[in-house]
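Hi,

Here is the structure I promised to pass on.

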Amino acid sequence: MVQAQPSGNFSSVPVLDWSLTSTPEGREDFKRQLRHAVVNVGFLYLANPSVARADLDALVAYAPALFDLPEDEKERIQMVHSPHFFGYSRLGAELTKGKTDQREQFDFGTPYESHWTPGQPEWLRLWGPSQWPAEELIPGFQETYLRYLAQLEQLSYDFIGLLAESLELPESALEPFFGHAKPKPGFLQHRSKVVKYPARKEGESDQGVGPHFDGGFLTFLLQASDHPGLQVQNLAGDWIDAPPIPGTFVVNIGKALETVTQGLARATSHRVISPPPGSTPRYSIPFFQNITQEICIGDAVLDFKPEILKLKESRGQIANSDSVNYGEYGQYPTGYVNLIGRVKSHPDVAERHYPEMFKKFFPEGLPVQGSAY
């Protein structure tokens with residue numbers, strides 16, 4: 001008798017069509033597909049998303065130009081100048097699992113007016129204004145990016161409501177994590193970045209970014225060039241390619257959402273392989289959905305019907321994962337957890353803006369590179 005393979009031992013990433021949600025029948029079909037994807041894979045492609053294709057294409061076209069900015073402009077908006085960890089990070093500034101990530105990046109966020117004052121918890125200071133390149137150097141970029149982020153923020157709220165329904169929860173079940181139903185722009189701050197993975201040289205490591213889990217609720221990734229490189233790890237420990245599909249987002253589950261759903265929604269290990277020697281650079285633009293800073297997710301785990309919880313049994317157990325897990329989740333307010341990750345990843349920023357936390361995590365002084373994992 002041939003033993004059935006665990007449903008979580010996937011060999012490809014499923015493609016879901018957002019346009020199905022425009023009719024009642026299609027919405028139910030979408031939710032069935034979504035349940036399979038979030039429980040068994042933790043990754044999916046989202047086709048026909050409710051973000052203007054013209055804005056997707058424009059942002060893809062801007063990506064190379066962003067990294068061609070003059071060096072003095074990159075220095076002007078370098079991340080070390082921002083207590084909110086926004087701005088430019090040089091190539092090779094971070095480690096994952098002890099190895100250098102061969103990527104260069106700009107971090108941005110949705111608009112947010114900081115309300116932090118001295119004496120309040122430092123993690124409330126994490127949200128604030130982005131650093132943008134000068135308009136005359138890259139005309140229209142900021143306007144395009146902000147318009148894109150506004151659409152993607154709304155899509156993320158719509159998507160998370162359907163995800164709740166797919167697990168037989170009310171659409172509103174996850175609203176407490178966002179403060180209220182589909183918050184108005186500026187109530188929360190979500191993060192995004194534009195990443196460049198240069199072609200590696202002969203004999204160099206192919207680690208664009210090493211194996212890791214994302215930390216928050218949802219990630220929406222726009223693969224902004226034709227290069228493959230994103231890989232997702234299945235239950236057996238095999239690496240499955242997730243090549244670019246034009247006009248789609250790659251959506252994946254973060255550890256915070258996995259925690260509050262009792263592990264039903266699966267956070268999946270993933271990595272990026274650098275382009276081969278002689279290739280052009282790979283570009284990607286991830287959006288990270290945030291939740292309220294004050295909530296401690298260990299105190300906010302959701303209840304599910306027994307038959308829904310049993311879906312984890314058919315999925316199977318992870319035999320091997322190359323990623324490092326998050327130890328802080330469930331112990332502290334989400335804002336503090338996020339600040340810990342930022343401090344570890346960018347110690348130079350922490351040294352300047354969060355000196356006490358810097359001393360706690362780096363008692364020997366400033367390291368050459370940061371490492372969140």
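Strand 3 (87–89) and helix 9 (347–353) each give at least two residues to the lining of the second largest pocket, and helix 9 supplies the largest share, three residues. Helices (H or I, at least four residues) and strands (E, at least two) are DSSP runs, numbered from the N terminus.

Before going on: this is a predicted model, where local features need pLDDT of at least 70 and side-chain atom pairs count only at pLDDT 80 or more, while totals for chains, interfaces and linings use all residues. Residues are numbered from 1 along each chain as its sequence is written, and side-chain values use heavy atoms, leaving out hydrogens and water.

Back to that pocket. Its lining residues (those with an atom within 4 Å of a point on a 1 Å grid, a pocket being an open set of points where a 1.4 Å probe fits, with protein on both sides within 12 Å along at least five of seven lines) number 17, and R90, A93, H346, D348 and V368 are the closest to its centre.

Now the inside. All six residues of strand 8 (residues 207–212) are buried, so the strand is largely enclosed by the rest of the structure; buried means under 20% relative accessible area with a 1.4 Å probe, protein chains only. Strand 8 runs antiparallel to strand 13 (residues 270–273), joined by three bridges (pairing takes at least two DSSP bridges).

Leaving aside neighbours within four places in sequence, Y148 is in contact (heavy atoms within 4.5 Å) with V51, L56, L59, L222, F249 and I285.

Cheers

Technical notes. Buried means under 20% relative accessible area, exposed over 50%, partly exposed in between (1.4 Å probe, protein chains only).
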